[in-house]
Amino acid sequence: MPKERVAKKSRVHQEVQKQGINFNKDFGQHILKNPLIVNSMVEKSALRPTDVALEVGPGTGNMTMKLLEKTKKVIACEIDPRMAAELQKRVQSTPVQNKLHLIVGDVLKTELPFFDICVANLPYQISSPFVFKLLLHRPFFRCAVVMFQREFAQRLVAKPGDKLYCRLSVNTQLLARVDHLMKVGKNNFRPPPKVESSVVRIEPRNPPPPINFQV
């Protein structure tokens, strides 16, 4: 491997590899390695110093560290205990360590606390249930900036008459304003996924439409 590529690896990636910890495909682990994409997602979240941010799937913490710099608190939900341990090590003895609240477990089975903003490089297999967990979350959050598989993102933002317009489009847009922010190629991840990705901004409609979803 060329020396310049080794130099660009984050300290945590080096630690993960040194310990022989492999990324788990069952958890959909594809770590976002391009700092420009990370910075862009954080920037498009329009974070405030008083915000509580929710991150799902923090992995080795590349996004987490940026969020910790810009917010009052970060709630990071990680299903893989090995990755959670690496993240804890990364923030240990840093000025931001007390701002991290780490939840180890399945986000779909976790009762989420209050947060203002959600920023996530999501495991793609939980995309649909997670979107609706977000949209039914109370109290309302301000917005979510989330990475999805490209086709799923296109379905979220599709309009009537579009080829990909479907029930997902209707239900999501009923409850939120959804905007496509940027395309992200597979080579921006380690390991590269088999699909292309997109980042979407989701802003809940507040108040929500007067519909009884329990019927």
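Contact is taken to mean heavy atoms within 4.5 Å. In the predicted model described here, residues 24 or more positions apart account for 66% of the contacts in the protein with a separation of 6 or more. Residues are numbered from 1 along each chain as its sequence is written, and side-chain values use heavy atoms, with hydrogens and water left out. Because the model is predicted, local features need pLDDT of at least 70 and side-chain atom pairs count only at pLDDT 80 or more, whereas totals for chains, interfaces and linings use all residues.

The secondary structure comprises eight helices and nine strands (DSSP runs numbered from the N terminus, with helices being H or I of at least four residues and strands E of at least two). Of the 215 residues, 48% count as buried, that is, under 20% relative accessible area with a 1.4 Å probe and protein chains only.

In helix α5 (residues 81–91), the buried residues are M83, A84, E86, L87, R90 and V91. These residues cover an arc of only 160 degrees around the axis, which puts them on the same side of α5; the arc is that of the directions from the helix axis to the C-beta atoms. Just after α5, S93 adopts a positive phi of about 65 degrees.

The axes of helices α6 (residues 127–135) and α8 (residues 167–175) come within 10 Å and cross at roughly 20 degrees, the axes being lines fitted to C-alpha atoms over the stretch in contact and angles running from 0 to 180 degrees between N-to-C directions. Helix α6 is therefore roughly parallel to α8 (angles under 35 degrees). The contact is made by S128, V131, F132 and L135 of α6 and by L168, N171, T172 and L175 of α8.

Key
Parallel < 35°, antiparallel > 145°, perpendicular 65-115°, else oblique. Buried < 20%, exposed > 50% of the residue type's maximum accessible area, 1.4 Å probe, protein only.
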